[in-house]
Amino acid sequence: MPTFKLDGKSIPFEPGESIIRAAEKAGVEIPHYCYHPGLSAPANCRMCLVEILPAANQRAMMLDIVEWDEKLGDYRTIKKPKLQPACQFPATDGQEVLAEQSPHVIAARAGVQEFLLLNHPVDCPICDQAGECKLQDYWLEHQQTPKRMHDEPVHKPKAVSFGDTIVYDAERCVMCTRCIRFMEEVAKDPVLDMRERGNLKEVIVAPGRKLEGHYTFMTEHVCPVGALTTKDFRFKARVWFLKSAKTVCQGCATGCNATFDYDPRTNKALRYRPRDNERVNKFWMCDEGMLSYRDVVEGRVPEAQVSGKTVKIERALEEIKKRFASVQKGSIAFVLSAKHSLEDNLALFELAELCGSRAIYTSGAPAGYSDDILIHADKNSNTAGIQNLAPDAKSFDALLADARAGKVTHVIALGGAAPTDDVSALEGLQGLCVVAAHVGPLTRAASVVLPASAWIEASGTFVNAKGMRQLAEKGTEPLGSAEPGWKLVAKVAVHLGVEPSWTTLKDVRAMLVATSVPPPEPSQTASAE
Amino acid sequence: MAQAFPKKPASPPNAVTVAYTEKTPTVQSYLPEIFKGLGVSMSHFFRNTRDMLTGERPDPVTERLDDGITTIQYPEQKRPYPQRFRGVHRLTTRDDGSPRCVACLCCSTACPAQCIFIEAGEYPEGDKRRGYERFPVRFVIDELRCIFCGYCVEACPCDAIRMDTGIHPVPYDSRDQFIYAKSDLMGLAARDGSHETANPRHEPGDPTHPGIDREHGH
Ligand code: SF4
Ligand code: SF4
Ligand code: SF4
Ligand code: SF4
Ligand code: FES
């Protein structure tokens, strides 16, 4: 691999890569605002300037500038090398680049910072970017001086609604055009643009349009400052109080890598952010996915239910014992759910095996909208996972047909979701026990419901449409009396009179190794920030 | 190598050696010493009573710690506090009575006792600050947990929280009475009786605001 030298450190790069990207991959940050690894490089913020030493036997390009001389009491002309934007300048083999070691670069960074903050309102106490703002970070790293301009800054429109999801504050914007480029290049809907020049410049929405579509939240996420905020998150929390869990979005079969932010003091889910994984979602997530963090509390099954009445889990388990006492264990039907983790599904699959039942069906949410950017038509996060686990499982329609025909009388199912709303065929069953995190047609038809924890309340594994197995970490504490699904399945097993072979997450994970599910993906990230 | 233990520090030069009381028969028989002690108490009692009757008693309220009674009848009598005394918190208001606090949570972040709880919210539809700023929907301070360090006052970028009420928490008899809600905190006034801050801020849109913007002339 070719290499170049950055401040004397040798950095490898792929041919064609920019200096900033290669440095980033090698763990060296060159400060930047307009550069984003997933977008084109306009090189308009000038924060990433570096000094590139000329090749041997070539002369450097020098510029004549004037500098204030304190002793002389006058300006004098000096020469300085022409700096280059590292975000646009391709790395070449053997090149020597100076960043931290060049006094010109250090002066340029401080100068760019001061320039960007000339008219900036420094609203930090009310700005939702505070705590993760590039202006704050770089001020501390590269400037640390007050600005010398004492005029009142230019005031521009604040709190402009760009659509149903995004609010724009022109005063805070640093005109990096990341949001504009995102809409044009990734979302393929060039609805944002700029108008005016200089310090009157601002981002606008195309006349007669709103910022809308399936990828509006990403504009906020790529904005390096607090100029764009989402109506969903703004004014809700300060990021320094939040804890994050690395999770996998449950919105569809793409399985976008996400960071889930929650407030550990109140156990409150607050937002989703995309986590970079070039092989799954690159740097992006869709709006529906970003908002699906709300499912941690919305539409949940917080308590056990028997015939629609809330009861204690023990009471519900007694009811299962009673209802399933009359049936031959081998004839109980088991329904795996593509919306639950591999651990939960595996526990149920094991239970079916221990009972000697061959009646295994699958369920999951119905298909929906899809596009060719990220969104998958399959709205289940683990379809590939259960297909690998039980390749010859029968479909949900087969379950309805068998129930109508009287072949199935007792069902133990995972997950409330079903591909169809009409599950009346299941309502007449003698026993329908559902272990579910979220309500759905199945929980409504069930005689006994057990409250499973949602994906963010227990560590779990999911296999996405590409067959990649990904781990989702535990974040918030379970809602109500919810417990991990595999634990509940173990309790059900005990009440059915079988001895479960798993009691801990470790046991379940050990069983997972023996199945045909693909091995876990090494987490692969290259920070976008 | 043998460990060198730190030497006992020398007694300070102004130290007074306390004489060890000999175990004389009067000490060992207990009662005579009891009466001696009671005698000291009684002599203080009679002297103080006499001073009070003759009007010679020093004024403990002004903190004269000379001879005589130095206890005061709190809360009927109070010592004057220094100007910079940190008392119970208050939340300052703007001219229109709204809280100056923008719910930035700097105070609760700085608070070492973690006794400030703030829930931020957005101003309602129609308010001129809607969209620009947040405000505290709930602002609660547990005065019993507070260590009166004043960090919150230091941290506040808006001069919205102050400890210049001159009062310290009244001795309530239950814990929940020390939990001051936003309305309590906004209801408290500074020692001069004002609710506003001493450092008014020019708000965009105010006639005093020097800024030009789209709406106010370019
Ligand atoms: S963008 Fe927000 S947090 Fe960043 S410097 Fe500006 S006001 Fe402060
Ligand atoms: S709104 Fe944010 S992302 Fe868009 S140009 Fe301004 S600073 Fe850049
Ligand atoms: S005075 Fe100190 S302990 Fe009390 S609320 Fe303020 S920061 Fe917290
Ligand atoms: S009192 Fe001051 S520091 Fe505390 S939240 Fe309000 S504005 Fe911020
Ligand atoms: S990051 Fe290179 S110019 Fe903006």
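The shell of residues around ligand 2 in this predicted model comprises twelve nonpolar residues, one polar residue and one charged residue. In total, 14 residues surround the ligand. The closest of them are A:Cys173, A:Cys176, A:Thr177, A:Cys179 and A:Cys223.

A helix pair in chain A was also examined. Helix α8 of chain A spans residues 342–355, and helix α13 of chain A spans residues 485–496. The axes of these two helices lie 8 Å apart and form an angle of about 15°. Because angles under 35 degrees count as roughly parallel, α8(A) and α13(A) are therefore described as roughly parallel to each other. Their crossing is right-handed.

On the side of α8(A), the contact involves A:Glu343, A:Asp344, A:Ala347, A:Leu348, A:Leu351 and A:Cys355. These residues meet A:Gly485, A:Trp486, A:Val489, A:Val492, A:Ala493 and A:Leu496 of α13(A). Sorted by class, the contact between α8(A) and α13(A) contains nine nonpolar residues, one polar residue and two charged residues.

Chain B has a mean pLDDT of 83, with 84% of its residues reaching 70 or more. Among the elements of chain B, the lowest mean pLDDT, 87, belongs to helix α1 of chain B (residues 25–28), whereas the highest, 96, belongs to strand β1 of chain B (residues 90–91). Where pLDDT is low, predicted coordinates should not be read in detail. For the complex, the predictor gives an ipTM of 0.79 and a pTM of 0.86.

Key. Residues are numbered from 1 along each chain as its sequence is written. Chains are lettered from A and ligands numbered from 1 in the order in which they are written. This is a predicted model: local features need pLDDT of at least 70, side-chain atom pairs count only at pLDDT 80 or more; totals for chains, interfaces and linings use all residues. Side-chain values use heavy atoms; hydrogens and water are left out. pLDDT is the predictor's confidence in each residue, from 0 to 100. Helices (H or I, at least four residues) and strands (E, at least two) are DSSP runs, numbered from the N terminus. Axes are lines fitted to C-alpha atoms, for helices over the stretch in contact, and angles run from 0 to 180 degrees between N-to-C directions. Angles under 35 degrees count as roughly parallel, over 145 as roughly antiparallel, 65 to 115 as roughly perpendicular and the rest as oblique. A crossing is left-handed if the near helix is turned anticlockwise from the far one by less than a right angle, and right-handed if clockwise. Contact means heavy atoms within 4.5 Å. Ala, Val, Leu, Ile, Met, Phe, Trp, Tyr, Cys and Pro count as nonpolar, Asp, Glu, Lys and Arg as charged, and the others, Gly among them, as polar. A residue is near a molecule or strand if one of its heavy atoms lies within 4 Å of it.
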